[in-house]
Amino acid sequence: MESAAFNFNRFRNYFRSDFLNCVRNYGISFLVLSTMAVTTDIFNGLLSFTLSGGQEWHGMIEPVRFLLFFIILVVLTIVSPAKLYGYVTDKKEGAAFLMIPVSRFEKFLSMVLNACVIVPLLFIIVYLGLDLLVCRLDPTCGVSMLHRLTVDIADLKTNLVNTIPMEEFSEMGEANAKEMAGIISSALNPWLFLDDIASGFIIFLLGALIFKSGKAGKTLGSLILITLSLEMILSPVIGFTMFSKLHSISMSGADFSLEDFRSYFPFIYWSLKHVALLDTVSDTLVNCLLLFLVWLRLKKMKH
């Protein structure tokens, strides 16, 4: 059975079993986190109802709901991979995992689908869906997050040129102002963040497979150290590269226009103009590297 790297029927049966095991390991915690849109609104409403002597009911306001959603998503990203597959590094359970009669590739594929695709996707769908339902039933909540992330952003992107204070961009001319609006519009696409969310889950899945204890904390600490190291290496290089250009700009004494920015910083300008493409390509390359490391760790794992 191990002769083939991938067999669809074998993978289907294993994936079903692995998914049910994930539900047993993290199902209740997942439900608690994904239903916070309902529970927090009820709690906030009951609190305001009690404090007002039964006169007023106030649901959770929009900024707080967005902040809560972000916090819970971060918690889910950090905690869930270790809860789902942290047992793989355990000597007894990990040995049993390696003895399952499916290929390493099929185990890897099931692991990535469950921890890095299904869990975040289900969370986003359930949480935003419940938030939409809560806002329909409780008008004091205001507009749903789903509406803000889809309809309102789409309207903003459509009318961005009209919303920019043109008196501040009059020296650019209409063409340059529209170009600037296009750059801002492309950066407002909420779909650009999906691969970033996936990156977080893959990173903490890799940490769950590397560290034997304190998986989430050690992964977070390693991530901070790597980020600080890269910043210490790249900051002087970037600063030295840009210093002469910034000095030339300051010595010229002239107003700094969009054309000057394009001339002095062509790569930065190109990056801003193609922010969606650059973000997608860079995140895809990073995710591919992380997935390769997860696969390599799983392939080399022994107990």
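**The second largest pocket**

Mentor: The protein chain exposes about 17,900 Å², of which carbon and sulfur atoms supply 72% (Shrake-Rupley areas with a 1.4 Å probe; for residues, only the protein chains shown count as cover). This is a predicted model, in which local features need pLDDT of at least 70 and side-chain atom pairs count only at pLDDT 80 or more, while totals for chains, interfaces and linings use all residues. Residues are numbered from 1 along each chain as its sequence is written, and side-chain values use heavy atoms, with hydrogens and water left out.

The protein chain has 13 helices and zero strands (DSSP runs numbered from the N terminus: H or I of at least four residues for helices, E of at least two for strands). Of its 303 residues, 34% are buried (under 20% relative accessible area, 1.4 Å probe, protein chains only). Contacts (heavy atoms within 4.5 Å) between residues at least 6 apart in sequence join residues at least 24 apart in 72% of cases.

Now the pocket itself (on a 1 Å grid over the protein atoms alone, an open set of points for a 1.4 Å probe with protein on both sides within 12 Å along at least five of seven lines; lining residues have an atom within 4 Å of a point). The second largest pocket holds about 280 Å³ (space filled by probe spheres set on points joined across faces, edges and corners). Its lining consists of Ile203, Leu206, Gly207, Ile210, Phe211, Thr219, Ser222, Leu223, Ile226, Thr227, Leu230 and Leu290. Eight of these lining residues are nonpolar, four are polar and none is charged (nonpolar: Ala, Val, Leu, Ile, Met, Phe, Trp, Tyr, Cys, Pro; charged: Asp, Glu, Lys, Arg; polar: the others, Gly among them).

Helix 9 (194-210) and helix 10 (215-252) each give at least two residues to this lining. Helix 10 has the largest share, six residues. Helix 9 is mostly covered, with 13 of its 17 residues buried. At 1.5 Å a residue, those 17 residues should span 24 Å, and the end C-alpha atoms of helix 9 are 25 Å apart, which agrees (the expected span is 1.5 Å times one less than the number of residues).

The structure also holds one cavity of 30 Å³ or more (a set of points where the probe fits but cannot get out). The lining of the largest cavity includes Ala37, Arg65 and Asp131, and divides into four nonpolar, one polar and two charged residues.

How values were computed
Buried means under 20% relative accessible area, exposed over 50%, partly exposed in between (1.4 Å probe, protein chains only).
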